[in-house]
Amino acid sequence: MRTSGTIIIRGIVQGVGFRPFVYAKAREFGITGTVKNLGSEVEIHASGDRFEEFLEAVSRGTPLSQIDSVDVQNLRGGKTEGFTILESNSGSLSGFIPTDVAICDDCIADIFTRGGRYEGYWATSCVNCGPRYSIINTIPYDRERTSMAEFPVCPACESEYTDPACRRHHAQTIACAACGPGLALLRADGTPVAGDPIREAAALLDAGSIVAIRGIGGFHIACTEEAAGVLKCRLGRTEQPLAVMATPEEVERIAVVSDEERRILHSRERPIMVLEKRDPVSHPTISDLHTIGCMLPYTGLHHLLFANLAHPLLIMTSANLPGYPMITDLGVALERLPGQVDYILTHDRRIVNRCDDSVVRDGYIIRLSRGLAPKREAIDLGKGCILGVGPELNANISIYKGGFCITSPHVGNVRNPQTLAYLQETAERLGGLTGARYDRIVHDLHPQFLSTRYAREVAEATGAELLAVQHHRAHIAATTREECVGIAIDGVGYGDDATIWGGEVFAGRIPYLDRVAHLEVVPMPGGDLATRFPERMLYGILPTPEVRDILASRGWSDIELAVLVRQVERGLNVAATSSTGRVLDAAAALLGICRERTYDGEPAMKLESAAYAGKPSAWDLEYRQDGGCEVLSTRSLLAEACRRSAAGGRADDIAASFQYNLARGVAAMAVRAAEERGIPRVALSGGVAYNRAIRETIRTEIRNAGLEFIMNKDYPLGDGCISFGQVVYGGSVEE
Amino acid sequence: MKVNLMHGAGGEVMGELLRVITNLEHNNAGGIGLESLDDGAVIPLNGQNIVFTTDNHVVSPIFFPGGDIGRIAVCGTINDLAMMGGRPIALSCGMVIPEGFEVADLERIVASMDAALGECGANLVTGDTKVLERSALDTIVVNTAGIGVAERVVRDNGLSVGDKIIVSGTIGDHGIAIMAHREGFDFGGQIRSDVAPLWPLVEKALAAGDIHAMKDPTRGGFANAINEMARKSGVGIVIEEADLPFRASVRSAAGMLGLDPLEVANEGKVVMGVAPHDAETVLAALRSHPYGRDAAIVGEVVEGSHVVMRTAIGGERFIEPPVGDPVPRVC
Ligand SMILES: [Fe+3]
Ligand SMILES: [Mg+2]
Ligand SMILES: [Zn+2]
Ligand SMILES: [Zn+2]
């Protein structure tokens, strides 16, 4: 029986109330000694008869901590009187900063406690809740290294901070109305509005105003459902579905919520959940899809706002140009938002690190951000330090070092100077926080991505080795390191053969993934123009007189049509692609569901919504061999859809069948590849896998063939997994 | 490594080939030599700056709306001299002609060369001709070289922060015209090449103000020229999309094909960096000449190293040097 020892606990132990927790346990078990935070580990010197019980208790950690290992050694140093919490030290940096978490129930109760010291205080938090990553400058996480440093605590807060019996003992974000950050309501021109900012803002929102609200990781733009049309016009985004924040009761009224979805919706990460509407055509101004993105209030400010609001629901969209970083700074908001918003509800706590809302659908992460990132994954990729700079759209970065991979929050579409600068800033900040010295930098194979340019610059500055990884291999690497048949179905990624891939089946084990099957290679007339106008894809795949007539009937001028026909004939600026997304786009175009893509994935998402009410039937599938690969003919699928449509078939049935047969065809090629090679499992990744009908068809087909089916729920299925996949891939390649 | 077509398409791949071809020790006759890869060389001689340049011309088809290979061959060399600040004096012409070529076509080409020479007072004073078997060559190749005299040499690397960027007219006309004609596109109206000898225009501009840098946006278009100027000058450039002059027909044709008119060739335009206080007078001088009617101030030189375009909808994007064929990137 030990009665003393030095305990080292490694993991996420900062900013999660670990030391006060240890202190409380020491008192409970009559232990003397000290506890100290060393960045990614705590060091406890402990003596007392009930040492073993104490050890077991502290090994369990606090709600927000994540423990990787617990080591016990002989007690270093002498015995001490009592138990004390020592100042933090920066030590090794293998652990990581906790993420921003939603306000806890205890703090919500505090805010609504009449006469309580936190009554009505918007930034109430405790050791179990509140902002973390978004306010942190450097680690170890202590108030002086966060943007809370600008708010010296008042005596009342000080006494709670030092009271080991209090929930706010050593809570770095402790603040109250007397000492903490304050709120202000401004007109769009920056002049203040008199009165209580929250009450006034709620009244203005109820009356139909559009209000920018500064939150945890950036600004939202909020308004009621009635004002949605005005907002969409002002933003110039008339089609894109908007996310809402609503009371739990309202969410249940609007959408069908499964137990699993309810758990995620209420989790402390509080992501936006993409839910199926109870009535698929309800709330059309918010979303014209059969789904709607919902989140619950997650800060004291949100709870106070809803308490004052007559409406049970607010539209909450992040304040940015599409593809550009969310606005975090009041100065920038005042410069950019007039014209979009009428008022700005702001606070004076600096947002150090931008963090968008996370988005989850069916348990799969669409956007890895607030609450979920920086994401830390224990994985052994050897001794080297690796940076993955991601792709171009929906990018983030990942850093591997010493047994852990850290993935940043969502950065955005790295195709403009601001987002490139944000990528750079994110990489530098996470690199600094983890103490990274890169041996290898992994980037996408696409020759023109700005992230590739950035990778080259870092490699040049650091002497690190550069490695290019094909986009869809990175998708599979992000899913599994085991030998597998890997299906990657998404938009477009640059392929080995300089054509554009996106409907790929691989076999092997990273880094040796052979392309064994794919969708038919079809023309993309005008390159990216065919992504924007899906009818170009339709004609590219089916250059028939019937399709020409369809386009002509939809208002294509004779000249435009003749140019398109000639372009396909001559192959001028026509790329070749096996993309799944582009085929779905073409089907959406055929059925007249979407003629112009105004946001990422729009045609395919609208096709999915159209298919929701339809009944799928099995069509004949056509395969052939090409250069050692099995190829599924998407041209014949689209031709079948065209025939059925011309024969007066229902659009919803055709849409459902098209998705079903495409999925069946991809799955069949994967099954054959697995059986031929004796591989027992099939992995799936890529943005098209968010489509429930397609994903579940593939899952069923794979399982019916007696194969294991794997997907990764910890990373996005879309391009938010690429930087992680790059790092994993990079870690599997010998130097 | 074997030479492939990408090596001739401009951009980074062509850079590889250029490194091989320009690997000479004897590359500078005392002024500006091959090493600077400017529009032409400068040789100081008896207190005069002799400018010297050469170009090979192949174009398909050889006759196109707005010009022909003869006009391009003369203008290409005259413009390269003009871009250095040089008044074109004399040109040479070497022709490699395939067996079976129509003499009538040759007559048209030569007449068109003569007209272009006449526009700027230059003369074609020496030449050479080879005829090759049909199997060895399927089209005519015209080489021209030329000398000029520059009172003040203008480089492509002289931009300094604050300079205004001026283009002398609409962008992308030549590339889109050639492509439309060659591939048989009907855009509902004829698009004409802008091929023109620029010396008279440049002469007016030089007299009007302090021009820090000049380049003709030929292969790789405006995108390539502006990046090269920025890189060689060690500066950044901000371009205002709304100020870029395009012919509506060119813009819509490029739009229908998914091409970026900034990345296609021009044969009668100049991009210049002008001291800010002289920008308006230089602009006025350019606009007073028929070839500069649509001239516009399109941007400004800033600190940094990138060429950024402020888009009409309030965003920003990089203008990058083209790498040959565009590759789709939208996911
Ligand atoms: Fe992808
Ligand atoms: Mg030249
Ligand atoms: Zn709390
Ligand atoms: Zn206080």
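1. Residues are numbered from 1 along each chain as its sequence is written, while chains are lettered from A and ligands numbered from 1 in the order in which they are written.

2. pLDDT is the predictor's confidence in each residue, from 0 to 100. For chain B the mean pLDDT is 93, and 96% of its residues reach 70 or more. For the complex, the predictor gives an ipTM of 0.91 and a pTM of 0.92. A word of caution: where pLDDT is low, the predicted coordinates should not be read in detail.

3. **Chain A, piece by piece.** Domain bounds here come from an automatic or database domain assignment. Chain A splits into domain 1 (4-85), domain 2 (183-359), domain 3 (374-478 + 720-732) and domain 4 (490-711). Between the C-alpha centres of domain 1 and domain 3 of chain A there are 35 Å.

4. **What UniProt says about chain A.** UniProt positions are given in the numbering used here, feature names are shortened, and annotations may be inferred rather than shown by experiment. An unreviewed UniProt entry lists Arg19(A) and Asn37(A) under "active site". They span 19 residues in sequence, yet no two of their C-alpha atoms are more than 7.5 Å apart, so they gather at one spot. Arg19(A) sits in helix H1 (residues 18-28) of chain A; helices (H or I, at least four residues) and strands (E, at least two) are DSSP runs, numbered from the N terminus. The annotation "domain: YrdC-like", from an unreviewed UniProt entry, covers residues 195-371 of chain A. That span of chain A is 28% helix and 24% strand, with its end C-alpha atoms 33 Å apart.

5. **A helix pair to look at.** In chain A, helix H21 (residues 651-677) packs against helix H22 (residues 692-704) at an angle of about 35°, and their axes are 8 Å apart. (Axes are lines fitted to C-alpha atoms, for helices over the stretch in contact, and angles run from 0 to 180 degrees between N-to-C directions.) Residues in this contact include Ala663(A) and Ala667(A) of H21(A), and Ile694(A) and Ile698(A) of H22(A); two residues are in contact if their C-beta atoms, placed from the backbone, lie within 7 Å. By class, the contact has 13 nonpolar, 2 polar and 2 charged residues. Ala, Val, Leu, Ile, Met, Phe, Trp, Tyr, Cys and Pro count as nonpolar, Asp, Glu, Lys and Arg as charged, and the others, Gly among them, as polar.

6. **Chain B, piece by piece.** The assignment gives chain B domain 1 (1-30), domain 2 (31-150) and domain 3 (164-318). The C-alpha centres of domain 1 and domain 2 of chain B lie 20 Å apart. Their contact uses 6 residues from domain 1 of chain B and 7 residues from domain 2 of chain B.

7. **UniProt on chain B.** An unreviewed UniProt entry places "domain: PurM-like N-terminal" at residues 38-150 of chain B. This span of chain B is 29% helix and 46% strand.

8. **Where the chains meet.** The contact takes 25 residues from chain B and 35 residues from chain A. On the chain B side, S14(B) gives the largest share, 3 residues.

How values were computed
This is a predicted model: local features need pLDDT of at least 70, side-chain atom pairs count only at pLDDT 80 or more; totals for chains, interfaces and linings use all residues.
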